[in-house]
Amino acid sequence: MKRFRFPLRPVAVLRAHHEMRAREIFAAAVHGYVQCEEVLAATRQRVAELGGSLFDGRSGTYQAAEAASLFRAYRAECEQEMQCERAMITARELMQQRREEYFEANRKLKVVQRLEEKARSAYRLEFNRVEQNALDDFASYRAARRAQLT
């Protein structure tokens, strides 16, 4: 009997490549999202520190120039925090989109893999049937030959 050949093998190879590429893109999106979270956390930390120093400075003597520059820095950090939040939201949406693309590519690959498993199973079943028929023919030939000799 001929060797097993899956006719959709090129499709399976292409889908495996697409799935691998989608996984890599998804991993890059997750990495970008994590980086945005880290930047946001660092920015929030700086805002908290500036806010603390801004409000702590009110207990001593008031220096308008120093307070004004500290307030400008605080406002700039608050603006930076809002930009980081927007970037994180965008990165999260991109990550979700890439996750869906990866799941879709994975699902398509699994469909072809299940088809190949079914085809292999049917091939094995047919191969075993042919092999059993050959063994039965050989056994009946030996039995007939033995009967002739006796």
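Why does Ala42 count as partly exposed? Its relative accessibility is 36%, so Ala42 falls in the partly exposed class. In this scheme, buried means under 20% relative accessible area, exposed means over 50%, and partly exposed lies in between (1.4 Å probe, protein chains only). Ala42 is found in helix α1. Between Ala42 and Glu81 the C-alpha to C-alpha distance is 9.2 Å, at a sequence separation of 39 residues.

The model is predicted: local features need pLDDT of at least 70, side-chain atom pairs count only at pLDDT 80 or more, and totals for chains, interfaces and linings use all residues. Residues are numbered from 1 along each chain as its sequence is written, and side-chain values use heavy atoms, with hydrogens and water left out.

The protein contains two helices and zero strands. These elements are DSSP runs, numbered from the N terminus (helices: H or I, at least four residues; strands: E, at least two). The C-alpha trace spans about 125 × 25 × 15 Å along its principal axes. The radius of gyration is 35 Å, whereas a compact globule of 150 residues would have a value near 15 Å. The radius is taken over C-alpha atoms, and the globule rule is 2.2 Å times the number of residues to the power 0.38.

Of the 150 residues, 19% count as buried. Among contacts with a separation of 6 or more, 88% come from residues 24 or more positions apart. A contact means heavy atoms within 4.5 Å.

Four aromatic pairs are present. Phe26 and Tyr102 form a stacked pair, because their ring centres lie 6.0 Å apart and their planes meet at 5°. This pair links distant parts of the chain: Phe26 lies in helix α1 (residues 9–56) and Tyr102 in helix α2 (residues 64–149), 76 residues apart. Both Phe26 and Tyr102 are buried. One aromatic cluster is formed by Phe4, Tyr123 and Phe127. Rings of Phe, Tyr and Trp (its six-membered ring) pair if their centres lie within 6.5 Å; planes under 30 degrees apart count as stacked, over 60 as edge-to-face and the rest as tilted.

Leu94 is found in helix α2. Leu94 counts as partly exposed because its relative accessibility is 35%. Leu94 and Tyr33 are 61 residues apart in sequence, with a C-alpha to C-alpha distance of 8.6 Å.
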